Every structure is written in C-alpha cells, then in structure tokens.
Amino acid sequence: SLDASVGALAQLLSVVRPQLDALRKAGKSDEADKLVKGVGELLDKVANEPKLSPRVLVFLGRAQREIGAYETAAQALEKVPPPADPADLAKSPAAIEDAERKTALILYRGSRLELARTYRQAGQFPKAEQVLKDAMGD
C-alpha cells in the first residue's frame, strides 16, 4: 500500500536532505538542482495517485516543502480534511477516545502547521499568518 511506502520514502529523504545541504554548501547548485528535480518527480508521481490518505498527504507536503517545492507542498497539505466532527477541533487529542477521530485531528493539525511553514519558507507571510490565525484564533 501507499501508506507503507511512505516509510521507504522517508528513509530516502533522510539521505537526500544532507546531500542537498552539502552540495549547496560546496557551491554545486547545478547538482543540487538535479537531485531536487529527481526527488521532486518521484514525489509528484506519488502525489498523482488517486485517493491519498491524510497521512500520505501530510508526508508529501512536508517532503515537498523540505526540497523547496512550496507550491506542490501547499497543494498536498490543503487536501488534508478537517476532522469529521468540527467539535474535535477545540479538543486536545487526549480528550478524544476514538482512535480514528484522534488520528484525524492530529493529522489535520499537523497539516496546518506544515502549511504555515510552507508559506513562511516561500515568503508568503500573509498566507502563513492566515493559516495560523485560522488554526489558533486571533
């Protein structure tokens, strides 16, 4: 399943990130760009799969943000649905006994944090502020 593949992709990214940093520090931006392009194509293939779970969407958004693909990261993160019961948004995960509802809340909140980071790193500060304001209130 695709959810199971996320672990393998996470391992790949844990290797790629230090390589990207090292290439950029060494002034090898062409090589870094090629590596980002290759990883980005792999992530795009996963992103184009139908019916991605919220867990995979959060992973994709984070991974795309980390390689600097901010637009596609935001697109993936925006697809993470809020909890089915809107009242859950005002609760802590510990207050929710149903595991599925708890997971939905945690993934949604994680997606909002990643979305704010994505917008901030892309220099889209008003969008980042709006995401945080929506999540936390004024």
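## Crossing of helices 3 and 5

Helix 3 and helix 5 cross with left-handed geometry in this predicted model. Helix 3 covers residues 54–66 and helix 5 covers residues 99–121; the two pack at an angle of about 20°, and their axes lie 10 Å apart. Because angles under 35 degrees count as roughly parallel, helix 3 is described as roughly parallel to helix 5.

## Residues at the contact

From helix 3, the contact draws on Pro54, Arg55, Val58, Arg62 and Arg65. Helix 5 contributes Thr103, Leu107, Ser111, Glu114, Arg117, Thr118 and Gln121. By residue class, the contact of helix 3 with helix 5 comprises 5 charged, 4 polar and 3 nonpolar residues.

## Overall architecture

The protein contains 6 helices and 0 strands. Its order along the sequence is accordingly written as α-α-α-α-α-α.

## Burial, surface and contacts

Of the 138 residues in the protein, 31% are buried. The protein exposes about 8,500 Å², and carbon and sulfur atoms supply 54% of that area.

Contacts between residues at least 6 apart in sequence were also classified by separation: 45% of them join residues at least 24 apart.

Notes: Residues are numbered from 1 along each chain as its sequence is written. This is a predicted model: local features need pLDDT of at least 70, side-chain atom pairs count only at pLDDT 80 or more; totals for chains, interfaces and linings use all residues. Side-chain values use heavy atoms; hydrogens and water are left out. Axes are lines fitted to C-alpha atoms, for helices over the stretch in contact, and angles run from 0 to 180 degrees between N-to-C directions. Helices (H or I, at least four residues) and strands (E, at least two) are DSSP runs, numbered from the N terminus. Angles under 35 degrees count as roughly parallel, over 145 as roughly antiparallel, 65 to 115 as roughly perpendicular and the rest as oblique. A crossing is left-handed if the near helix is turned anticlockwise from the far one by less than a right angle, and right-handed if clockwise. Contact means heavy atoms within 4.5 Å. Ala, Val, Leu, Ile, Met, Phe, Trp, Tyr, Cys and Pro count as nonpolar, Asp, Glu, Lys and Arg as charged, and the others, Gly among them, as polar. Buried means under 20% relative accessible area, exposed over 50%, partly exposed in between (1.4 Å probe, protein chains only). Accessible areas come from the Shrake-Rupley method with a 1.4 Å probe; for residues, only the protein chains shown count as cover.
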